Amino acid sequence: MSFQEKIDADGNVHIYKARLVAKGFRQIQGVDYDETFSSVAMLKSIRILLAIAAYHDYEVWQMDVKTAFLNGNLSEDPDGFVNPQNAGKVYKLLKSIYGLKEASRSWNLRFDEVVKGFGFIKNVEEPCVYKKVSGSALVFLVLYVEGILLIRNDIPMLEAMKDSLRKSFSMKDLGEAAYILGIKIYRDRSKHLIGLSQSTYIDKVLKRFNMHDSNEGFLPMSPGTILSKT
């Protein structure tokens, strides 16, 4: 069993997750699996796209794939579950499951295949950023594990995209993006501004190192410190 807590923008637990997982630690590389690498969107890429959205006043929406890793197709044969009543046979996994070494990669490959089928083009330098252009309509799609950011200038095209994703995966529509990767999003559309805050993450780090009761300061260094050019 795997137990996880889902944290909201204020650092409060709003979902408790419990999953049955495979015993991935028993897998042997080259026998039960080959590659495990899975691309993850870089924070700087998300910041750049949010800056573009702020400048052009694009819509920024967020979706979440439910139990994302269960959508991956397995190309390897991991250890099966032995039936105690018939020790000569095993149950073979046809789909990925949480706990497998290759689960993340299998999901990423599956998502890439589906999104390209919708006409999206993957960014060469950032494999978790996709773009689709149709006339004057433009949509950017950003994937970070199971979370999706949709940035677009055309509402009908975005709604069509969300419908297509729902047909392929079990999705949760989170509406306008407000909290991603532990970062709060503040937006003032009248001024074409988007602000990002990691206060919840900072508080978490301070608590981890027992520094949450420390006095606040403007700079993370001792007052009076003189820095040289070297």
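Visitor: Which residues is Leu 150 in contact with, leaving aside its neighbours within four places in sequence?
Guide: Leu 150 is in contact (heavy atoms within 4.5 Å) with Glu 59, Val 60, Trp 61, Met 63, Val 139, Phe 140, Leu 141, Leu 158, Met 161, Lys 162 and Leu 165. This is a predicted model, where local features need pLDDT of at least 70, side-chain atom pairs count only at pLDDT 80 or more, and totals for chains, interfaces and linings use all residues. Residues are numbered from 1 along each chain as its sequence is written, and side-chain values use heavy atoms, without hydrogens or water.

Visitor: Which residues touch the most other members of the largest nonpolar core?
Guide: Trp 107, Phe 111, Leu 141, Ile 148, Leu 150 and Leu 165, out of 26 residues. Such a core is a set of buried (under 20% relative accessible area, 1.4 Å probe, protein chains only) Ala, Val, Leu, Ile, Met, Phe, Trp, Tyr and Cys residues, joined through side-chain atoms within 4.5 Å.

Visitor: Which element gives the most to this core?
Guide: Helix 2, with five residues. Helices are DSSP runs of H or I, at least four residues, and strands are runs of E, at least two, numbered from the N terminus.

Visitor: New topic. How much space lies in the largest pocket?
Guide: About 1400 Å³. A pocket is an open set of points on a 1 Å grid over the protein atoms alone, where a 1.4 Å probe fits, with protein on both sides within 12 Å along at least five of seven lines; lining residues have an atom within 4 Å of a point. The volume is the space filled by probe spheres set on the points, which are joined across faces, edges and corners.

Notes:
Buried < 20%, exposed > 50% of the residue type's maximum accessible area, 1.4 Å probe, protein only.
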